[in-house]
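Subject: Structure for your attention

Dear colleague,

Please find below the structure that I am handing over to you.

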Amino acid sequence: MWPAHHATLIDRCHAFGQPRPTPLLLRYRAGDYNCLHQDLYGPIHFPLQAVVMLSAEGSYTGGALTLVENRPRMQSRVEVVPICQGQIALIPVRDKPRIGATGWSKSAMRHGVSTVLSGERQTLGIIFHDAS
Ligand SMILES: O=C(O)CCC(=O)C(=O)O
Ligand SMILES: [Fe+2]
């Protein structure tokens with residue numbers, strides 16, 4: 001069960017040795033990228049995280065927010081998330097629920113940012129759980 005209130009989640013993080021806040025301001029310049037990863041920082045996590053695009057359209061090229069879904073017994077699937085300035089992408093931290101012929105299962109998700117080719121790209125990453 002996920003807690004209904006953020007304060008309860010944070011209490012749980014602190015009880016499990018995760019006291020450090022995790023929101024991030026990220027700035028990428030030409031040549032910068034963010035390797036595929038999961039923002040898991042201890043045993044406690046909240047299943048969704050937010051990425052807020054701060055940069056205006058046209059202020060950078062490249063730099064696509066990219067999700068990779070590792071499906072059990074299948075090849076990985078990739079999805080590029082288009083976000084414009086002021087928009088928020090809500091993405092899975094670790095698991096994506098899937099409905100199939102035999103019922104529900106989950107895929108492991110990772111996300112990253114492809115290489116920025118020109119300009120500057122800035123985002124705000126909001127991860128709701130704290131880190132160890
Ligand atoms: O800059 C981005 O689009 C994503 C950054 C990231 O990895 C995150 O917010 O967790
Ligand atoms: Fe991330």
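This is a predicted model: local features need pLDDT of at least 70, side-chain atom pairs count only at pLDDT 80 or more; totals for chains, interfaces and linings use all residues.

Annotation. The UniProt record, an unreviewed entry, carries the annotation "domain: Fe2OG dioxygenase" for residues 19–131. In the model, the end C-alpha atoms of that span lie 6 Å apart. The span is 57% strand and 0% helix.

Ligand 1. The residues that surround ligand 1 are Leu24, Leu26, Asn34, Asp39, Val51, Leu65, His111, Val113, Thr123 and Gly125. By type, this shell comprises 5 nonpolar, 4 polar and 1 charged residue. Three strands each supply at least two residues of the shell, namely S1 (24–29), S9 (103–113) and S10 (116–127).

Nonpolar core. The largest nonpolar core consists of 5 residues, Tyr28, Val51, Leu65, Val113 and Val116. Val51, Leu65 and Val113 also belong to the surroundings of ligand 1. Leu65 has contacts with Val51, Val81, Ile83, Ala89, His111 and Val113, leaving aside residues up to four places away in sequence.

Strands S8 and S9. S8 pairs with S9 in the antiparallel sense, over 6 bridges. Ile99, for instance, has Trp104 in S9 as its bridge partner. The two strands, S8 and S9, form a hairpin with 2 residues between them.

Helix H1. Helix H1 spans residues 6–15 and is hardly covered, as 1 of its 10 residues is buried. After H1 comes Gly17, which has a positive phi near 75 degrees.

Asp130. This residue is found in the segment after S10. Is Asp130 buried or exposed? It counts as buried, because Asp130 has 22 C-beta neighbours inside 10 Å and the threshold for burial is 20 or more. Leaving aside residues up to four places away in sequence, Asp130 touches Ile10, Cys13, Gln18, Pro19, Arg20, Pro21 and Thr22. Asp130 and His45 are 85 residues apart along the chain, yet their C-alpha atoms are separated by 7.9 Å.

Yours sincerely

Conventions: Residues are numbered from 1 along each chain as its sequence is written. Chains are lettered from A and ligands numbered from 1 in the order in which they are written. A residue is near a molecule or strand if its C-beta atom, placed from the backbone, lies within 6 Å of it. Helices (H or I, at least four residues) and strands (E, at least two) are DSSP runs, numbered from the N terminus. Ala, Val, Leu, Ile, Met, Phe, Trp, Tyr, Cys and Pro count as nonpolar, Asp, Glu, Lys and Arg as charged, and the others, Gly among them, as polar. Two strands pair if DSSP finds at least two bridges between them. A residue is buried if 20 or more other C-beta atoms lie within 10 Å of its own, exposed if 12 or fewer, and partly exposed in between; C-beta atoms are placed from the backbone. Two residues are in contact if their C-beta atoms, placed from the backbone, lie within 7 Å. UniProt positions are given in the numbering used here, feature names are shortened, and annotations may be inferred rather than shown by experiment. A nonpolar core is a set of buried Ala, Val, Leu, Ile, Met, Phe, Trp, Tyr and Cys residues joined through C-beta atoms within 7 Å.
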